[in-house]
Amino acid sequence: MYNFLPYAYFQNKFVPFAEATLSIATHALHYGTGAFGGLRGIPDPQDSTQILLFRLDRHCQRLSQSAKFLHYNLPPEKIQEIIVDFVKKNQPNTSFYIRPFIFTSDLGIAPRLHNIEKSFAIYGLELGDYLSPEGVSCRISSWCRQEDVSFPLRGKISGAYITSSLAKTEAVESGFDEAILMNSQGKVSEASGMNIFIVRNGKIITPGFEHDILEGITRDSVLTIAQDLGIPIQERAVDKSELLIADEVFLSGTAAKVVPVKRIENYYLPEHRPITEKLREKLIAITENREPNYRDWVFPISI
Ligand SMILES: Cc1ncc(COP(=O)(O)O)c(C=O)c1O
């Protein structure tokens, strides 16, 4: 189903992807004690000798911060250096996704983060559209997003994804494409692997960090682009009822990019989505290095 890139980074070296394997007793597999990143790259459409990675520095910074929750010191510069070598080694020739991750790699039982070996690894795969750019239908999940009092939400921690998985499967098995999770206060939080935005009266509105969202890098990009385009933005609580009557709703994430929401539960959203379209097109142009003002978001790697 997936085309994996030929080499993985595993146990401090590059090995063929098929050789990067683990024991069934690996600690993180049982306890969700991992943290991961996910970033996209493309061959430079203007220069065949280059690969472009989107916001590499921010992704390395977030992963390094997530690693702190695992009691693992991995400086962003180190992550960046290995990702660059990974891309040079793999020489991808189509749109791809890189998954760098840290996990408790010792064998055996007892949930803990002290006195246990951790490892850093990377694999990659070819990736086109993760969700249909034409738009998706969403179910409001019966599962709530976790709270920071019981879970380090400022990290991208593997264990959190049981909730995303429950919500996504509940949505898909009941005929929807995606799930929207509320937080424990009943306010809109995010989708299973994307942040969420609504548009009302020409303004874009998105839940703030206090609504238990992941610190999405695409979310940050969308907010900056909107600001630069002169579109008013608000980071604030979003009620469920506001979601249902919004002029536009869209999701943002590295895998999904910017994807419009067509329907939420039994409410159909307008098909005219001028702001979503504008932001989506601009974001794609930036990732393809067609926007000189955003060159510092695009990291070129010579291959
Ligand atoms: C739960 C969750 N929220 C939001 C996002 C969007 O984050 P980003 O734009 O950094 O990919 C992701 C994807 O990483 C995610 O897994």
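This is a predicted model: local features need pLDDT of at least 70, side-chain atom pairs count only at pLDDT 80 or more; totals for chains, interfaces and linings use all residues.
Across the boundary, 19 residues of domain 1 make contact with 20 residues of domain 2.

The size of an interface is often expressed as the accessible area lost when the parts come together. Here, domain 1 and domain 2 bury about 1700 Å² between them, and 61% of that area is on carbon and sulfur atoms. On the domain 1 side, the residues that lose the most area to domain 2 are Phe36, Phe54 and Arg62, which together account for 36% of what that side buries.

The next feature is a pair of helices. To describe two packed helices, one gives the angle between their axes and the distance between the axes. Helix α2 spans residues 56–69 and helix α3 spans residues 76–90; their axes come within 8 Å and cross at roughly 125 degrees. Angles from 65 to 115 degrees count as roughly perpendicular and those over 145 as roughly antiparallel, so α2 and α3 are oblique to each other. Their crossing is right-handed.

Which residues make the contact between α2 and α3? From α2 come Leu56, Asp57, Cys60, Gln61, Leu63 and Ser64, while α3 supplies Pro76, Ile79, Gln80, Ile83 and Val84. Sorted by class, this contact has 7 nonpolar, 3 polar and 1 charged residues.

Notes: Residues are numbered from 1 along each chain as its sequence is written. Side-chain values use heavy atoms; hydrogens and water are left out. Axes are lines fitted to C-alpha atoms, for helices over the stretch in contact, and angles run from 0 to 180 degrees between N-to-C directions. Helices (H or I, at least four residues) and strands (E, at least two) are DSSP runs, numbered from the N terminus. Angles under 35 degrees count as roughly parallel, over 145 as roughly antiparallel, 65 to 115 as roughly perpendicular and the rest as oblique. A crossing is left-handed if the near helix is turned anticlockwise from the far one by less than a right angle, and right-handed if clockwise. Contact means heavy atoms within 4.5 Å. Ala, Val, Leu, Ile, Met, Phe, Trp, Tyr, Cys and Pro count as nonpolar, Asp, Glu, Lys and Arg as charged, and the others, Gly among them, as polar. Buried area is the accessible area (1.4 Å probe) that two parts lose on being put together, summed over both.
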